[in-house]
Amino acid sequence: MSLVVLGASASPYVRKVRVTLAEKGLDYRHEQVNPFATPPGWREISPLGRIPAFKDGDRTLDSSVICAYLDRRFPQPAILPSEPYDYARALWFEEYMDGGFVPVAGPKVFLVLVVKPMLAGKAEPDPADEAAAQKVIAEDLPGFWDYLERELGDREYFVGEKLSLADIAVASPHVNLRHAGVAPERKRWPKLRGFLDRMHARPSFKKLIEEETPIFGKRSAKIAD
Ligand SMILES: N[C@@H](CCC(=O)N[C@@H](CS)C(=O)NCC(=O)O)C(=O)O
């Protein structure tokens, strides 16, 4: 197979690429790469030393540009709108999530509540870690959720009338939160929560959630409505 995604399944950025490939109906091979213990020579593929990386035959690509490349290489269905403002808005939501939301929800919630106890062979996080993560969930995440709720409004998708990279970028890190037993409360953020339910039920996300949940999702049963 000529398309290869390299990176750990739990990364929201790796998931973003895998969902994009699935939405386009493309076959690919997935190779697990731990971002904190990358294989020798990794920086030749990924000059910033990050995941995901991507191979299309002997061409290699690093990180955010992978989805943009896939959209030009396999244009149907498009995930980047052609109308200039919509195109920029889709990229903006990707930037908002990757540059703003994920640096909070990833290391301060998912890593602390899911990955750290897993690596320590424990069923639950230490009480101090649990308390620190709950403080972030209560104090830092609501501002992001308020913004997303407002921007989505009564529409089905964040940009235009159909699925775009914006929707994939918003829904992907919320899979990590779901694994951690966290979701925006339906009463306070009904539109966002409904959007996440719809996105996570799409075959592209559902398949990955089913693959990841037995490994990372032990807390997902804790999600409140
Ligand atoms: N916006 C980029 C971000 C890539 C990124 O930061 N990946 C993280 C993993 S979730 C990483 O590799 N971190 C390790 C490091 O920066 O050394 C994308 O969409 O691919």
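The shell around the ligand is made up of four nonpolar, three polar and three charged residues (Ala, Val, Leu, Ile, Met, Phe, Trp, Tyr, Cys and Pro count as nonpolar, Asp, Glu, Lys and Arg as charged, and the others, Gly among them, as polar). This is a predicted model, in which local features need pLDDT of at least 70 and side-chain atom pairs count only at pLDDT 80 or more, while totals for chains, interfaces and linings use all residues. Residues are numbered from 1 along each chain as its sequence is written, and side-chain values use heavy atoms, with hydrogens and water left out.

Select the ligand, then the residues around it: Ser11, Tyr13, Lys16, Pro35, Arg50, Ile51, Pro52, Ser63, Ser64 and Asp98 (near means a heavy atom within 4 Å).

Next, show Ser63: an N or O atom of its side chain is 2.5 Å from a ligand oxygen atom. In Ser64, a side-chain N or O atom is 2.9 Å from a nitrogen atom of the ligand.

Now turn to the space itself. Of its 39 lining residues, Ser11, Pro12, Pro35, Phe36 and Ile51 lie nearest the centre.

Finally, select Ile137, Trp145, Val182, Ala183 and Glu185, which lie nearest the centre of the second largest pocket, lined by 17 residues.

Key:
Polar contact = N/O pair within 3.5 Å; in protein donor to acceptor, adjacent residues only side chain to side chain. 1 Å grid on protein atoms, 1.4 Å probe; cavity = no way out; pocket = protein on both sides within 12 Å on 5 of 7 lines; lining within 4 Å.
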